[in-house]
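Dear colleague,

Please find the structure below, handed over for your own work.

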Amino acid sequence: MSYRVNMLWDEEASVWVATSEDVPGLVLESGSFDALLERIKYAIPELVALNGQKVSSYNITFFAQRNDQIAVYG
(Lines give C-alpha, C1' and ligand atoms only; values in the text may rest on other atoms or scores of the structure.)
Protein backbone atom coordinates (compact mmCIF):
# COMPACT_ATOMS: atom_id res chain seq x y z
CA MET A 1 0.00 0.00 0.00
CA SER A 2 1.16 3.54 -0.69
CA TYR A 3 0.33 6.66 1.34
CA ARG A 4 0.88 10.36 0.68
CA VAL A 5 1.70 12.58 3.65
CA ASN A 6 1.67 16.37 3.52
CA MET A 7 4.00 18.21 5.87
CA LEU A 8 3.56 21.96 6.27
CA TRP A 9 5.49 24.43 8.40
CA ASP A 10 3.20 26.43 10.71
CA GLU A 11 5.09 29.68 11.19
CA GLU A 12 2.80 30.94 13.95
CA ALA A 13 3.16 27.81 16.09
CA SER A 14 6.75 27.06 14.94
CA VAL A 15 5.95 23.41 14.22
CA TRP A 16 5.73 21.03 11.29
CA VAL A 17 2.22 19.60 10.82
CA ALA A 18 1.59 16.29 9.05
CA THR A 19 -1.75 15.23 7.55
CA SER A 20 -2.86 12.69 4.99
CA GLU A 21 -6.03 12.12 3.01
CA ASP A 22 -4.91 8.49 2.61
CA VAL A 23 -4.71 7.83 6.36
CA PRO A 24 -7.83 8.99 8.23
CA GLY A 25 -6.93 10.44 11.61
CA LEU A 26 -3.31 11.30 10.80
CA VAL A 27 -2.62 14.70 12.31
CA LEU A 28 0.76 15.10 13.98
CA GLU A 29 3.02 18.01 14.79
CA SER A 30 6.58 18.53 15.90
CA GLY A 31 9.12 21.32 16.07
CA SER A 32 11.62 18.98 14.42
CA PHE A 33 11.20 17.81 10.82
CA ASP A 34 13.20 14.61 11.42
CA ALA A 35 11.30 13.77 14.61
CA LEU A 36 8.01 14.20 12.75
CA LEU A 37 9.17 11.79 10.03
CA GLU A 38 9.83 9.13 12.66
CA ARG A 39 6.50 9.72 14.41
CA ILE A 40 4.67 9.33 11.09
CA LYS A 41 6.39 5.99 10.41
CA TYR A 42 5.03 4.63 13.71
CA ALA A 43 1.60 6.27 13.52
CA ILE A 44 0.57 5.07 10.07
CA PRO A 45 0.49 1.31 10.85
CA GLU A 46 -1.45 1.99 14.05
CA LEU A 47 -4.00 4.22 12.32
CA VAL A 48 -4.37 1.83 9.39
CA ALA A 49 -5.12 -0.99 11.83
CA LEU A 50 -7.60 1.17 13.76
CA ASN A 51 -9.32 1.95 10.45
CA GLY A 52 -9.82 -1.79 9.90
CA GLN A 53 -7.28 -2.33 7.12
CA LYS A 54 -4.71 -5.11 7.03
CA VAL A 55 -1.42 -4.12 5.43
CA SER A 56 1.82 -6.10 5.58
CA SER A 57 4.01 -3.34 4.15
CA TYR A 58 3.59 0.22 3.00
CA ASN A 59 5.32 3.05 1.18
CA ILE A 60 5.13 6.67 2.24
CA THR A 61 5.64 9.62 -0.09
CA PHE A 62 6.31 12.83 1.84
CA PHE A 63 5.44 16.27 0.48
CA ALA A 64 6.96 19.09 2.52
CA GLN A 65 6.30 22.79 2.19
CA ARG A 66 7.82 25.71 4.04
CA ASN A 67 7.61 29.33 2.96
CA ASP A 68 10.03 31.92 4.34
CA GLN A 69 10.10 35.64 3.73
CA ILE A 70 13.58 37.03 3.20
CA ALA A 71 14.34 40.71 3.57
CA VAL A 72 16.57 42.31 0.96
CA TYR A 73 18.83 45.11 2.12
CA GLY A 74 20.59 47.60 -0.07
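S14 sits in the loop between strand 1 (2-10) and strand 2. Although S14 is not a glycine, its phi is positive, at about 55°.

Some notes on the basis of these values are in order. This is a predicted model, in which local features need pLDDT of at least 70 and side-chain atom pairs count only at pLDDT 80 or more, while totals for chains, interfaces and linings use all residues. Residues are numbered from 1 along each chain as its sequence is written, and side-chain values use heavy atoms, with hydrogens and water left out.

Overall architecture

The protein chain contains one helix and four strands; these are DSSP runs numbered from the N terminus, with helices (H or I) of at least four residues and strands (E) of at least two. Their order along the sequence is β-β-β-α-β. The radius of gyration of the protein chain is 15 Å, well over the 11 Å that the globule rule gives for 74 residues, so the chain is more spread out than a compact globule. That radius is taken over C-alpha atoms, and the rule is 2.2 Å times the number of residues to the power 0.38. Along its principal axes, the C-alpha trace spans about 60 × 20 × 20 Å.

Of the 74 residues in the protein chain, 26% are buried. Among contacts (heavy atoms within 4.5 Å) between residues at least 6 apart in sequence, 38% join residues at least 24 apart. The accessible surface of the protein chain comes to about 5500 Å², and carbon and sulfur atoms account for 49% of this; the areas come from the Shrake-Rupley method with a 1.4 Å probe, and for residues only the protein chains shown count as cover.

Two buried serines

S20 lies in the loop between strand 2 (15-19) and strand 3. With a relative accessible area of 10%, S20 is buried. Its side chain makes polar contacts (pairs of N or O atoms within 3.5 Å, one able to donate a hydrogen and the other to accept it within protein, with residues adjacent in sequence counted only if both atoms are side-chain atoms). A polar atom of the S20 side chain lies 3.1 Å from the backbone nitrogen of D22, and the S20 side chain also reaches the backbone nitrogen of V23 at 3.3 Å. Not counting residues up to four places away in sequence, S20 touches R4, V5 and L26.

S30 belongs to strand 3 (residues 27-30) and is buried, with a relative accessible area of 14%. The S30 side chain reaches the backbone nitrogen of S32 at 3.1 Å. Leaving aside neighbours within four places in sequence, S30 is in contact with V15, W16, A35, L36 and R39.

A residue of strand 4

I60 is located in strand 4 (residues 59-65) and is partly exposed, with a relative accessible area of 21%. I60 and R4 are 56 residues apart in sequence, yet 5.8 Å apart in space, C-alpha to C-alpha. Beyond neighbours within four places in sequence, I60 contacts Y3, V5, I40, K41 and I44.

Yours sincerely

Key:
Buried means under 20% relative accessible area, exposed over 50%, partly exposed in between (1.4 Å probe, protein chains only).
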